[in-house]
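Hello,

Here is the structure for you to look over. My notes follow below it.

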Amino acid sequence: MALTILATAGVAAVSLLAAGARSERVAASRERTLRQADRLLTVYTLLTRTELDQRLGSQTIGRLAVQVQRPERALYRIAVVDTLAPTQELLVTVVYRPEVQ
């Protein structure tokens with residue numbers, strides 16, 4: 001009887017450790033993806049109006065895609081999405097670029 005209880009507890013402990021290690025790997029992968037998305041978003045927010053106009057639409061860069069939209073004349077919406085889950089935006093921002101006169 002005691003051996004059965006000990007074996008059951010051992011199996012439960014191993015299962016718990018495996019689940020924790022798996023969660024850690026998933027979190028590390030998500031962190032890496034968000035760091036890459038942050039770098040892309042930073043690059044795109046530094047672009048000029050002309051450069052953003054040239055990039056309207058969606059561009060795939062590795063596993064990520066950057067979507068540039070212009071909802072208003074001087075506003076650009078920049079979103080970074082994971083191509084494995086394209087309906088979920090990782091990071092989004094809106095930048096103001098007035099027309100040069």
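**What I found**

Start with S3. Six of the eight residues of S3 are buried, so this strand is largely enclosed by the rest of the structure. Buried here means under 20% relative accessible area, exposed means over 50%, and partly exposed lies in between (1.4 Å probe, protein chains only).

Some ground rules. This is a predicted model, where local features need pLDDT of at least 70 and side-chain atom pairs count only at pLDDT 80 or more, while totals for chains, interfaces and linings use all residues. Residues are numbered from 1 along each chain as its sequence is written, and side-chain values use heavy atoms, with hydrogens and water left out.

**The chain**

The protein chain has two helices and four strands. Along the sequence they follow the pattern α-α-β-β-β-β. The radius of gyration is 22 Å, well over the 13 Å that the globule rule gives for 101 residues, so the chain is more spread out than a compact globule. (The radius is taken over C-alpha atoms; the rule is 2.2 Å times the number of residues to the power 0.38.) The C-alpha trace spans about 85 × 20 × 20 Å along its principal axes.

Helices (H or I, at least four residues) and strands (E, at least two) are DSSP runs, numbered from the N terminus.

Buried residues make up 22% of the 101 residues in the chain. Of the contacts with a separation of 6 or more, 35% are between residues 24 or more positions apart. Contact means heavy atoms within 4.5 Å. The accessible surface comes to about 7,200 Å², and 60% of it belongs to carbon and sulfur atoms. Those areas come from the Shrake-Rupley method with a 1.4 Å probe; for residues, only the protein chains shown count as cover.

**The sheet**

The four strands form an open sheet in the order S1-S2-S3-S4, with antiparallel pairing. S1 (57–61) and S4 (85–96) stand at the edges with a single partner strand each, so one side of each has no neighbour in the sheet. Neighbouring strands are turned by 25° against each other on average, direction ignored. Axes for this are lines fitted to C-alpha atoms, for helices over the stretch in contact, and angles run from 0 to 180 degrees between N-to-C directions. Two strands pair if DSSP finds at least two bridges between them.

**Pair by pair**

- S1 and S2: five bridges, antiparallel. Gln59 stands opposite Val66 in S2. The two strands form a hairpin with two residues between them, and Gly62 in the turn has a positive phi of about 65°.
- S2 (residues 64–72) and S3 (residues 75–82): seven bridges, antiparallel. This is also a hairpin with two residues between the strands. Facing pairs include Leu64 with Asp82, Val68 with Ile78 and Gln69 with Arg77.
- S3 and S4: eight bridges, antiparallel. A hairpin joins them through two residues. Tyr76 stands opposite Val95 in S4.

One reminder for when you look at the sheet: strands pair through backbone hydrogen bonds, either parallel or antiparallel.

Best wishes
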